[in-house]
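Trainee: I have just opened this model and would like to learn how to read it. Could you take me through it step by step?

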Amino acid sequence: MINEDKRLRKEIEASEKDIMGSFPVLFRKMKYVTASVGWHGIIYDMCAQITKLIEEECQDLPEEDLPYVADIKEKYGSLRVALYNATDNMDSVVSQAERLSETACELCGRKSEIKGQGWLVNRCERCE
Ligand SMILES: [Zn+2]
């Protein structure tokens, strides 16, 4: 069991490093990312769309004025992302990702819903 947890923890860390490494501009102010592993796909897609928008909408900006992720976390069973210097289109992408996470298990990404009272979790039947 401990080994299984360790292995999973390693995968999660690798995947978080992959996300940061794939989008160095977006994560330039973050030392590390801790995001629920079931949402890594949603986060990756969100970052890819924002990166495309940066290329289209921020061509004239110096690097320090480009959008960046200031915070990324789980709150009340769904994903919350603070994207600074964002354009309206980027805000829409972030909102969409946050909405998607409301119906995705935070541990495995399968279809799920937010449950609980007080302490809200988002876990599918298999992960409960
Ligand atoms: Zn699950």
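Mentor: Gladly! Let us begin with one term: a residue is called buried if 20 or more other C-beta atoms lie within 10 Å of its own, and exposed if 12 or fewer do. Keep in mind that this is a predicted model.

Trainee: Which residues of helix 2 are buried?

Mentor: The buried ones are Ile 42, Ile 43, Met 46, Cys 47, Ile 50 and Ile 54. Looking down the axis of helix 2, you find these residues within an arc of 125°, so they line one face of the helix.

Trainee: And which exposed residues sit on the face of helix 2 turned away from its buried side?

Mentor: That face carries Lys 52, Glu 55 and Glu 56.

Trainee: How do I check the length of a helix such as helix 2?

Mentor: Compare an expected span with the distance between the end C-alpha atoms. At 1.5 Å a residue, the 18 residues of helix 2 should span 26 Å, and its ends are 25 Å apart, which agrees. Helix 3, residues 88–101, has 14 residues and should span 20 Å; its end C-alpha atoms are 20 Å apart, so this agrees too.

Trainee: Where do the buried residues of helix 3 fall, seen down its axis?

Mentor: They fall within an arc of 95°, so they line one face of helix 3. The residues in question are Met 90, Val 93, Val 94, Ala 97 and Ser 101. On the face turned away from them are the exposed residues Asp 88, Ser 95 and Arg 99.

Trainee: What covers the buried residues of helix 3?

Mentor: The cover includes helix 2 (40–57) and strand 2 (78–84).

Trainee: Why look for nonpolar residues together?

Mentor: In soluble globular proteins, nonpolar side chains tend to be buried together. Here, the largest nonpolar core has 25 residues, and Ile 43, Met 46, Val 94 and Ala 97 touch the most other members. Helix 2, strand 1 (68–75), strand 2 and helix 3 each give two or more residues to this core. Helix 2 gives the most, with six residues.

Trainee: What is Ile 43 in contact with, leaving aside its neighbours within four places in sequence?

Mentor: Ile 43 is in contact with Ile 19, Ala 35 and Ala 97.

Trainee: Now a tryptophan: is Trp 119 buried or exposed?

Mentor: Count its neighbours: Trp 119 has 8 C-beta neighbours inside 10 Å, so it counts as exposed. You can find Trp 119 in the loop between strand 3 (114–115) and strand 4 (121–122). Its C-alpha atom is separated by 43 Å from that of Gln 59, 60 residues away along the chain.

Trainee: Stepping back, how many helices and strands are there?

Mentor: The protein chain has three helices and four strands, and along the sequence they follow the pattern α-α-β-β-α-β-β.

Trainee: What can the radius of gyration tell me about the protein chain?

Mentor: It lets you compare the chain with a simple expectation. A compact globule of 128 residues would have a radius of gyration near 14 Å; this chain has 15 Å, which agrees. Along the principal axes, its C-alpha atoms fill a box of roughly 50 × 30 × 20 Å. Buried residues make up 27% of the 128 residues.

Trainee: Which elements have the lowest and highest mean pLDDT?

Mentor: Helix 1 (residues 2–22) has the lowest, at 79, and helix 3 the highest, at 98. The protein chain averages a pLDDT of 92, with 97% of the residues scoring at least 70.

Notes:
Residues numbered from 1 in each chain as written. Predicted model: local features only at pLDDT ≥ 70, side-chain atom pairs only at ≥ 80, totals over all residues. Expected span 1.5 Å × (residues − 1). Arc of directions from axis to C-beta. Contact = placed C-beta atoms within 7 Å. Core = buried A, V, L, I, M, F, W, Y, C linked by C-beta atoms within 7 Å. Rg over C-alpha atoms; globule rule 2.2 N^0.38 Å. pLDDT = per-residue confidence, 0-100.
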